[in-house]
Every structure is written in structure tokens, then in C-alpha cells.
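Have the structure open as you read.

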Amino acid sequence: MSQPAIEGRLHPVTPLRRSWAVLAALATLAYQQRDLISFRPAPEGGADTITLPLWAVCAAAVLIVSGTVGLFTAAWRHSHYILDGSVLGYRSGLLFKVHRHCELDHVQSVDILRPFLGRLIGVCTLRVVMPGTTMTLSYLTLNQARVLKTRILAEDTVEDRLYQVKTKDLVLALLLDLRTNLWSLAIVAVAVLPYILSGELLTLSTLIAFAPRIWRLTGKRLFVYSGWSVTRTADGAYRTDYGMFDAQQYTYRDSRITFIALHQPLLWRRFDWVEVRAAVAGAAKPGILIPVCPRNVAEKMVMHLLGPGAVSHLNDPLPVPPAARKATPFHKALGYRLSSGYFTVWSGFFLRNVTTVCPAHRVQSVSTRQGPWQRRLDLASVYAHLPGGGSVPAAHRTTGEAADLATRLYRTSMDEAEAPHSKKADSSG
């Protein structure tokens, strides 16, 4: 039995939210041209100065504000969304009509975003992600967004929280971040030390140049990563919830993940912490799945998203040949393993080690590259190319090993890609 259609308008606060940017731009323009307008005649006023009474300026401001808000209000009254069957439609526009339709079968994820000001007035944004595009409904009440999300994903309310980042671990991890420490040393060398030696307060003014960078590395990341949790939804997807003020969500589906990377900075190794990143087909760059967690938790997340075979050899790389020592000083961090249908690569350098796990069936093509210095050392690198333009390299292998690895990786990717189709054909037969 088909469910009734869900339709309605966006929240009435939407036109106010959208008009403030236009009003702010007009106010800035008026402030910049303030010298051209005078409220009363003045002897020093030049020929280019326009003299207007105060009441005329106030009336013009009221007309501009009311006209702008009225225009956005009229556009809001002509906007309409409807979820009927397997199609989500959204109509908007006052002069130029825009009609968007989304087939629910093509939806990759549905996320509810709650900015800080929106939380104060009880509204949120619904973001529907599809291949190559995103439909955003701003703003809805939280109840409206949850009803639409439930219908779009056809999900139950049962959820399983897999991990939540501890606040003390997050704070300590940010303080131990190598970039934060390097910039702190730069501040001491450029600003604090000259002040101690000279006693001139003016030398501390250089702190202004470093403040934005330090803020992005510490305070901003603390606000964004606070309350970070990973939840497995009823439909098998994995949702991240995060944000101290602006509550945000992002949903990962295991069928869209191309690889998972475990990053371990130098100063985190004592606690065996890692940062987990997941690359999704079509995304510009990998997204953060967990900003900081113990390695055993990261391995469980890899098992959840990619399967148990992905962690069977996660700590057992094949080292590079001795000739690689002449190609790179970080040869000890390099390695690879191809087994159980997964291509795992170890890379990085002394300050940060990276372990990348890629399902073989996600590999679209394989290539072998050899630079001039590698040719002299009889070495080559094998690249597994993934959907969306990314690649996973196994660097500095012997030419014979590289050719063998490229062949095995290509055959494995073809076999793993055909396996689901074979199972489907057997089940239908």
C-alpha cells in the first residue's frame, strides 16, 4: 500500500535568512558612500555632495528593507516541496521557475544540518546527496526534516552508536598535533622571544599574523569535532554527527567507499591513536570518519565498512626491496599487501604514517610508472586508479615485482567485480 504524499513549504524564517546577506551588502555600500550624502547644508560640502533631509534617508532605508524582504517572501510563497512515492520534488523561483526532481533510488545519503542560530529558533537544513549533485531544503522544522529523512531512506528508528570521541582525547590530540606545535614554536621565535629580549610591547603585534592559523588548528577544529560520534543506521549506512554549535551530519554507505586511510602523526604514536578518513566515489577528497581514536577502534570501523577480510593483514606489509633505500629516505614506511580481495598500502614519512585499505573491486584501472631515478635503480611504482580520480600507489618495487603486482591486481579487481553478478545470476537461475 502506497504511503500518502508529504508536501509543504519551507519554514517562514527562510526569507529573513536569505535576505540578510543582500541587506548587509547594501548597508556596506551605503556606508562606503557616506561622504556623498549630507543631512544638512555645510560650508565645506563640495559640489558632489547630495544634501538630503534625515526623514528622506530613513524612508529610503525602510523602503529598501521592506522591498528586499518582500521580494524574498514572495519567492518563499512560490516555493514548494513534495515527496510522492519514489520522487522528491522541489519547486522554487518567482521570476525564473526552477523545478527539481530526485529519484529516491539514486539517493546516496540524507543529512540534517543544524547551524547554531537555526538551533536557537528550531530550524534545520535537509541535505539530500545524489551522484554529482545535492538538493538542499533550507529551512525546515526538525520534525519536518526527520519525517522526510525517514521516508526518503525508508529507515527504522533503531540505530547503533559504534563510537564517540572523548573530549579529553580530542583536546590532547589537537595539542599534540605537529602542525600546532610547529606554529607555536614559530610564535615563540618571532613574537614572544623578541618581546622578552627587548621588552617592547610592539613586538607582540606579530601575533596577529599567526592568530588565524592557530585558531584553525586548535579552537576551530575543537568546535567542529566536539561530540563526534559514528552511528550505524537501520538501513546499514554509517552516520557521523559532530559540532559544538553547528550540529552537522554526514552519511557514508559502504557501497560508495573507495578506500579507508588510517593516519598516525608522530606525536600520537605513544597513545596508538589514528585519524580515520574515508573516500567516497565522486567526492573531491576523503572525508573524516573519526578525527581521533585508538587503533583497535579504527580497525573495527574498517571491518564494519569494508568487511572482515580488510583487517586480516592490516599490520603485515611486504617491505620494499633494498634498492628502495637509495630512492627515498622513508623506505621503512613503504609496503603493500594484496590478499583476500583487498589492496592495502603503507606510505608516509617519519612525521606521519598512512595505511590505506582499498577493496579490489573498486579499482577501475591499474598503471605502472617509472621515473628516471627509479629506472636507474630498476624500480617502479604501481597505481590502482579509483572512481572519482583518486589512486592508491605501491611505490618503489622492483620492475619484475611491479609487473606481477599490476597483473594480479587487475585480475583480482575483475574477479571481485564479477563475483556479485555471478551470485545474482545463480540466485535468479
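Two strands count as paired if DSSP finds at least two bridges between them, and strands themselves are DSSP runs of E with at least two residues, while helices are runs of H or I with at least four, both numbered from the N terminus. What you're looking at is a predicted model, where local features need pLDDT of at least 70, side-chain atom pairs count only at pLDDT 80 or more, and totals for chains, interfaces and linings use all residues. Residues are numbered from 1 along each chain as its sequence is written, and side-chain values use heavy atoms, with hydrogens and water left out.

With that in hand, go to strand β19 (residues 342–349). On one side of the pairing list is β20 (residues 352–359), which runs antiparallel to β19 and is joined to it by eight bridges. One of the pairs to look for is F349 with its bridge partner R352 in β20. Strand β19 also pairs with β18 (residues 335–339), again in the antiparallel sense, over five bridges. Here R337 stands opposite T344 in β19. The hairpin of β18 and β19 has two residues between the strands, and S340 takes a positive phi near 60° in it.

Now zoom out. The protein chain has 11 helices and 23 strands. Of its 429 residues, 39% are buried, meaning under 20% relative accessible area with a 1.4 Å probe and protein chains only (over 50% is exposed, in between is partly exposed).

So what's inside? A nonpolar core here is a set of buried Ala, Val, Leu, Ile, Met, Phe, Trp, Tyr and Cys residues joined through side-chain atoms within 4.5 Å. The largest one has 35 residues, and I260, V276, I290, C293, L305 and L306 touch the most other members. At least two residues each come from α5 (167–175), β12 (238–242), β14 (257–265), β15 (273–280), β16 (287–294) and α9 (295–306). Helix α9 gives the largest share, six residues.

Contact means heavy atoms within 4.5 Å, and beyond its neighbours within four places in sequence, I260 is in contact with residues including V276, V302, L305, L306 and T355. Apart from this core lies another, of 24 residues, among them W76, L88, V107 and A145.

One last stop is S92, in strand β5 (residues 87–92). Is S92 buried or exposed? S92 counts as buried because its relative accessible area is 17%. Leaving out residues up to four places away in sequence, S92 touches H78, S79, K97 and V98.
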